[in-house]
Amino acid sequence: MDYTTLKRLNPAEFEGAADGYQSTSNMAQHAKEALERQITAKMREDLDGQALTAALGQLSELSKNFHYVQVECGLVSTGLNALAAELREAKRKLDRAVGDAEAEKFTVNSDGSVSYPAAGEKETDGKVPAGGKVAGIAKRPKTGLAAIDESPDPAKSLQDQAANFNPNPNYAKAAEIANRIAQAIQEATEADDLWAPKLRQLRADDDLTVSDEDWIDAKGDTEGVRKAAKDYLDDIKDLPKKGSPADNAKWWKGLSPDQQDALITLQPDSIGGLDGLPAEVRNEANRTVLAEKRAEIEIALAHHSASQPKDGRPKTIQHKEAVTITSHEWDEWDAKRKKFEEQIKGMDDIQSRFDRTGGKDGLPEAYLLGFSTEGGGRAIIANGNPDTADHTAVYVPGTKSGLGNLEGDINRMVDMHETVGQVAKGKSVSTVTWVGYDAPQTVQSDALSYKYADDGAPAFNKFIDGLNAANTSGADSRITAIGHSYGCTLIGSAARQGHLGADDIVFAGSPTVEVQKAERLDVPKGHVWNEDADGDAVPEAGRWFQGWLGPFGKAIPSDDSFGANQMATDTEGHSGYWKYDREKGEPSLSILNQARVVAGLYDEVELVDD
């Protein structure tokens with residue numbers, strides 16, 4: 001970039017273009033949401049069979065296109081804003097240098113050099129030292145070999161010597177101004193050289209299909225723009241170190257819309273997992289993470305399938321009884337394949353919940369408040385916006401929960417939302433499935449340890465604090481923590497370890513909660529509730545296990561000595577506590593009693609002694 005170009009440059013034009021791309025990104029986001037919330041929902045009401053399947057398939061592909069446009073245009077917008085910020089700083093330096101030159105009655109030439117007039121004391125010949133022209137020298141560039149070359153710049157050394165010996169005092173002043181001009185031009189050139197190729201890369205394939213490769217490319221684009229925009233991001237106020245959810249909420253509100261858009265675009269994984277931020281923001285960020293991660297896992301599975309071992313496939317031999325024989329190599333390969341398939345199934349279950357919004361079931365909008373494939377997988381899905389809800393229920397599933405087993409846990413809170421809605425007397429409701437920890441995966445060994453609960457409890461506490469920090473419905477809003485099986489153990493650990501932030505706790509099929517008395521759990525007295533259905537062997541097994549531990553054991557919520565409100569149930573077994581007849585819209589007593597607690601209708605809860 002030369003002096004004349006930088007002089008005429010207007011960074012606001014790049015910011016205007018950035019606003020245009022951000023508007024396009026927002027339009028694509030709104031179009032995607034309209035497809036999911038309105039158009040698809042209406043089709044589910046009016047169509048069925050093959051016609052519905054075909055229409056939903058086409059709309060799903062269209063939704064992917066809108067989502068991809070949203071992400072890519074967001075990247076372009078952020079890139080243009082980052083470029084404009086760097087150019088604006090270079091332009092500011094140039095304008096100040098030119099202003100100083102004009103104040104000294106110097107002339108800035110079209111090549112950026114500075115001409116200065118005669119000045120100084122008369123020499124022996126009676127003449128005033130003549131004026132002249134000096135070309136500026138910029139500092140070494142930020143990148144390349146020159147960035148690590150610490151030797152003096154020969155040209156700058158000669159210029160310094162000339163300033164010491166030149167009898168015209170204007171020379172030193174003009175040289176200093178010319179150097180500032182040269183520095184501004186160099187910084188603008190570096191910004192242009194950095195961003196021009198980055199922005200050219202943000203182009204989609206010339207088709208209407210958003211493939212897995214496109215999402216992988218989008219993830220690469222994000223990483224590239226994030227690295228290039230480091231200086232731009234550094235200007236954004238840092239996230240509070242080890243900040244509470246309330247600190248996070250305050251920090252977010254203090255950012256400008258452009259800064260918020262940049263962080264959602266460039267750091268979706270970080271923003272999506274930040275407790276205290278609005279549900280809309282976390283959902284937007286996590287939906288991008290979900291799309292990119294699904295593409296990544298799909299491609300990884302395809303590559304893995306191609307590497308299937310030729311030897312060691314399962315073989316069944318018949319002797320006295322059938323025996324299956326495999327090789328160690330096959331077992332490792334098959335375990336990895338199953339892991340990929342479980343992750344894909346979990347992501348499909350999440351997407352399926354989004355696809356069911358509205359329609360015949362009339363489901364509320366879903367929000368993805370957390371997602372990762374770390375460990376057994378993390379997923380936090382809300383039915384209805386918890387930021388505006390008067391009543392919020394957060395459900396923690398137990399043993400074997402994870403990405404591969406999401407569908408049932410998601411549906412339980414879908415049915416809970418419907419049930420609470422029936423008794424909440426017009427109050428707004430949100431129900432959340434919280435798989436935010438590594439749950440034990442075996443009953444025989446893992447579920448006998450408190451480690452999984454103790455390790456996951458701090459994250460649950462922060463999540464609840466985040467809901468409280470982000471909620472805008474008023475002081476009367478309520479949160480109920482609901483645990484099932486080992487999920488009760490986690491909630492108990494969270495309440496034991498610190499401030500739970502919930503108004504009520506509901507346990508269902510609990511083996512233990514790590515404390516002897518309900519009053520030791522961090523909710524008001526009388527606000528711990530328990531359900532123990534007929535035929536549920538888990539509480540009985542927990543009672544046996546705790547009794548086996550003797551004086552070191554803990555009571556379980558179904559014991560009278562524990563002090564919980566024992567709610568009546570009409571379901572059987574360990575998994576029926578959320579039974580709901582969707583055809584008739586009739587809840588079981590088991591889920592209805594929980595819903596009454598969530599809605600704060602304590603006098604309507606049927607207790608065992610009633």
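**Entry 1: a salt bridge**

I looked up E374 and R378, whose side chains meet in a salt bridge at 3.6 Å, N to O. A salt bridge here is a side-chain nitrogen of Lys or Arg within 4 Å of a carboxyl oxygen of Asp or Glu. I note that this is a predicted model: local features need pLDDT of at least 70, side-chain atom pairs count only at pLDDT 80 or more, and totals for chains, interfaces and linings use all residues. Residues are numbered from 1 along each chain as its sequence is written, and side-chain values use heavy atoms, with hydrogens and water left out.

Are E374 and R378 buried or exposed? E374 counts as exposed, at 51% relative accessibility. R378 counts as buried, at 17%. The cut-offs are these: buried is under 20% relative accessible area, exposed is over 50%, and partly exposed is in between (1.4 Å probe, protein chains only).

**Entry 2: salt bridges across the chain**

I searched the whole structure and got 28 salt bridges. One of them joins E15 and R88, with the closest N and O atoms 2.6 Å apart. This pair links distant parts of the chain: E15 sits in helix 2 (residues 11-46) and R88 in helix 3 (residues 49-103), 73 residues apart. I took helices (H or I, at least four residues) and strands (E, at least two) as DSSP runs, numbered from the N terminus. E15 is partly exposed, with a relative accessible area of 25%. R88 is partly exposed too, at 38%.

Next I looked up E296 and K219. Their side chains meet in a salt bridge of 2.9 Å, N to O. E296 is partly exposed at 27% relative accessible area. K219 counts as partly exposed at 35%.

Which residues are linked in a network of salt bridges? I found D334, R337, K338 and E341.

**Entry 3: a charged patch**

I then turned to the surface. D361, E418, D581, E583 and E586 gather there in a patch of negative charge. Patches are made of residues with over 30% relative accessible area and no salt bridge; like charges are joined within 9 Å, and nonpolar side chains (Val, Leu, Ile, Met, Phe, Trp, Tyr) within 5 Å. Asp and Glu count as negative, Lys and Arg as positive, and His and the chain ends are not counted. I looked at D581 on its own. D581 lies in strand 14 (residues 580-581). D581 is partly exposed, with a relative accessible area of 30%.

I followed the side chains along strand 12 (residues 528-531). V528 and N530 point one way, W529 and E531 the other way, and all are buried.

I checked the pairing next. Two strands pair if DSSP finds at least two bridges between them. Strand 11 (residues 504-508) and strand 12 pair in the parallel sense over four bridges. Strand 12 and strand 13 (residues 565-567) also run parallel, joined by three bridges. W529 of strand 12 is the bridge partner of V506. In strand 13, the bridge partner of W529 is N565.

I found an open sheet of three strands in the order 1-2-3, with antiparallel pairing. Which are the edge strands? They are strand 1 (107-108) and strand 3 (132-134), and each pairs on one side only. Strand 1 and strand 2 (residues 114-116) run antiparallel and are joined by two bridges. V108 has V114 as its bridge partner in strand 2.

**Entry 4: positive phi, and a distant pair**

I looked for positive phi in residues other than glycine. K400 has a phi near 75 degrees. K400 is in the loop between strand 8 (391-396) and helix 13 (406-423). At 47% relative accessibility, K400 counts as partly exposed. K425 has a positive phi of about 55 degrees. K425 is in the loop between helix 13 and strand 9 (429-435). K425 counts as exposed, at 67%.

Last, I looked up Q38, which is found in helix 2. Q38 counts as exposed, at 55% relative accessibility. Q38 and T357 are 319 residues apart in sequence and 8.4 Å apart in space, C-alpha to C-alpha.

Conventions. Areas by Shrake-Rupley, 256 points an atom, 1.4 Å probe, with all protein chains shown as cover. Charge placed at Lys NZ, Arg CZ, Asp CG, Glu CD.
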